[in-house]
Amino acid sequence: MTDFKEMAEQILAGNRRALARAITLVESGRDDHRAQALELLDTLRGHGRQALRIGLSGTPGVGKSTFIESFGCLLTGQGLRVAVLAVDPSSARSGGSILGDKTRMERLSRDRNAFIRPSPSQTQLGGVARRTREAIDLCEAAGFDVILIETVGVGQSETMVAEMSDLFLLLLAPAGGDELQGVKRGIMEMADILIINKADGDLKTTAMRTCADYSGALRLLRKRAYDPETFPKAMTVSALEENGLEAAWSEMQELTDWRRSEGHFESRRVAQARYWFEAEVRDRLLARLNQEPMRGAMTAMAQQVESGDVSPSQAAEQLLTVYMGR
Ligand code: GDP
């Protein structure tokens, strides 16, 4: 695979197989593949297409795949092209990916206007972040209108997805007041819309109450500069019965339109680009510590520190001066 121009052209033409191959390339850990991936991404730069990137998080069982299936079909029904990417930091451990089982989104996976990509199996969050960002870039180049980025609500993955999304949705289950405390404040602060799912049947009343509780909690949060008066907000849906999904989409569009007209949409993307640049520099510097020659130099220097020949601070200073200059 060397003809980037051809591959880039196929991607720009919306060729799904070329897109899938390109994502496989950016996911590869091989050095030669990495070089090719960077060249491809560079060839595609400046295509001028922009998708709406929607991050979606929620604990297992809350209804993420059901929601994506119903919501995705609603969007494709409106003629929009939808890509679904998954970020699952635990996939490496469990040996499979959360989207690996296509039956999770049976209808959507058969839809010509939808593209579903399972989570790359990776152990390191930094690697997952880079691959997901690059997959987003590729889907955007391929002309998708909406990119849904799903993650399970564990650890750092929510922050990561929020930092690569234009909108961040948090899916919640109907629950009693006490359980409201279970959602970490930091995660609530990242969300643009809290979606209380399963507002149907016996759970409907509880869902409405949960929604009211969260609306109250949201009012107590500090106002963000990039939000209009009425956001962030909480609402109920039933992904299973496909209720409230149009309303949720309207809210997303309203928020996006407002941010675009106020310049926040672009400025947030600019800030995100900077965030990822800095994150990647940090990641790579840390990775270098575990590679030669740094690794050996550290070990040697550590021995001098242990024997009392040099103080910890002096040793660090000397080491960094040798390898990074002053
Ligand atoms: P995920 O683990 O977050 O992807 O959750 P799933 O989409 O797999 O859903 C978990 C369970 O909740 C399944 O049994 C779904 O049928 C059910 N579920 C999802 N959405 C709804 C809903 O809107 N209403 C009800 N009653 N059940 C739902």
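Axes here are lines fitted to C-alpha atoms, for helices over the stretch in contact, and the angles between their N-to-C directions run from 0 to 180 degrees. The model is predicted, so that local features need pLDDT of at least 70 and side-chain atom pairs count only at pLDDT 80 or more, while totals for chains, interfaces and linings use all residues. Residues are numbered from 1 along each chain as its sequence is written, and side-chain values use heavy atoms, with hydrogens and water left out.

Next, show Thr256, Trp258, Arg259, Arg260 and Glu262 in H12, which meet His264, Phe265 and Arg268 in H13, where contact means heavy atoms within 4.5 Å.

Now move to helix H14 (residues 294–306) and helix H15 (residues 312–324), whose axes come within 10 Å and cross at roughly 155°. H14 is therefore roughly antiparallel to H15, the term for angles over 145 degrees.

Finally, select the ligand and the 15 residues around it, of which Gly61, Lys64, Thr66, Arg104 and Asp200 come nearest; a residue is counted if one of its heavy atoms lies within 4 Å. At aspartate 200, a side-chain N or O atom is 2.6 Å from a nitrogen atom of the ligand, whereas at asparagine 197 a side-chain N or O atom is 3.1 Å from a ligand oxygen atom.

Methods: Helices (H or I, at least four residues) and strands (E, at least two) are DSSP runs, numbered from the N terminus. Angles under 35 degrees count as roughly parallel, over 145 as roughly antiparallel, 65 to 115 as roughly perpendicular and the rest as oblique. A polar contact is a pair of N or O atoms within 3.5 Å; within protein, one must be able to donate a hydrogen and the other to accept it, and residues adjacent in sequence count only if both atoms are side-chain atoms.
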